[in-house]
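Trainee: I would like to learn how to read charged side chains and helix packing in a model like this one. Could we go through it step by step?

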Amino acid sequence: MPVGSGHNEIPVTNSLMQIRAAPWVDLDRFLRVVSDPHRKAIIQALMPGPRTYTRLMGSIGLDTKRDCGIMNYHLREMERRGIVVRLRRGPYALTSLGRDCGYLLRQLEQKHEEWLGRSVQ
């Protein structure tokens with residue numbers, strides 16, 4: 001079922017339906033979670049697979065000595081919302097909801113690039 005009208009229609013994917021069904025989600029809260037640059041970077045860094053805390057910090061450009069508080073805060077918030085989980089041996093991974101968030105972010109970024117390309121021409 002598309003959202004919008006005319007040429008601005010956005011197809012509602014199964015991912016979006018699952019995100020809407022998550023207990024913590026309304027659209028504004030979802031957008032706040034994934035619009036934070038640190039959380040967005042964490043989601044993107046975990047899309048290929050689980051990473052240790054230190055490797056995750058390095059991959060998103062945080063300093064392992066200076067920025068632990070920032071990292072801990074965002075990981076806690078993402079765990080609380082069911083986007084990230086810490087695996088038994090310590091690495092962090094995306095939940096199925098987190099992967100859906102990652103796919104949606106990728107789709108939004110691609111659409112944004114398309115819109116920028118059209119506006120430049």
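Trainee: Does arginine 66 count as buried or exposed, and what is its relative accessibility?

Mentor: Please keep in mind that this is a predicted model. Exposed means a relative accessible area over 50% and buried means under 20%, so arginine 66, at 64% relative accessibility, counts as exposed. Its salt-bridge partner is aspartate 67, with the closest N and O atoms 3.4 Å apart, and aspartate 67 is buried, with a relative accessible area of 9%.

Trainee: How many salt bridges are found in the whole structure?

Mentor: The general idea is that side chains of opposite charge can pair when their charged atoms come close. Here a search of the whole structure finds five salt bridges. In one of them, arginine 81 pairs with glutamate 77, and the closest N and O atoms are 2.5 Å apart. Arginine 81 counts as buried at 14% relative accessibility, and glutamate 77 counts as buried at 15%. Through shared partners, salt bridges join Glu77, Arg80 and Arg81 into one network.

Trainee: Which parts does the salt bridge of lysine 40 and glutamate 109 tie together?

Mentor: Their side chains meet at 3.2 Å, N to O. Lysine 40 lies in helix α3 and glutamate 109 in helix α6, so the pair ties together parts that are 69 residues apart in sequence.

Trainee: At what angle do helix α2 and helix α3 pack?

Mentor: Helix α2 and helix α3 pack at an angle of about 80°, with their axes 5 Å apart, and they are therefore roughly perpendicular to each other. Among the residues making this contact are Val33 of α2 and Ile43 of α3.

Notes:
Residues numbered from 1 in each chain as written. Predicted model: local features only at pLDDT ≥ 70, side-chain atom pairs only at ≥ 80, totals over all residues. Heavy atoms only, no water. Axes fitted to C-alpha atoms, helices over the stretch in contact; angles between N-to-C directions. Helix = DSSP H or I, 4+ residues; strand = E, 2+ residues; numbered from the N terminus. Parallel < 35°, antiparallel > 145°, perpendicular 65-115°, else oblique. Contact = heavy atoms within 4.5 Å. Salt bridge = Lys/Arg side-chain N within 4 Å of Asp/Glu carboxyl O. Buried < 20%, exposed > 50% of the residue type's maximum accessible area, 1.4 Å probe, protein only.
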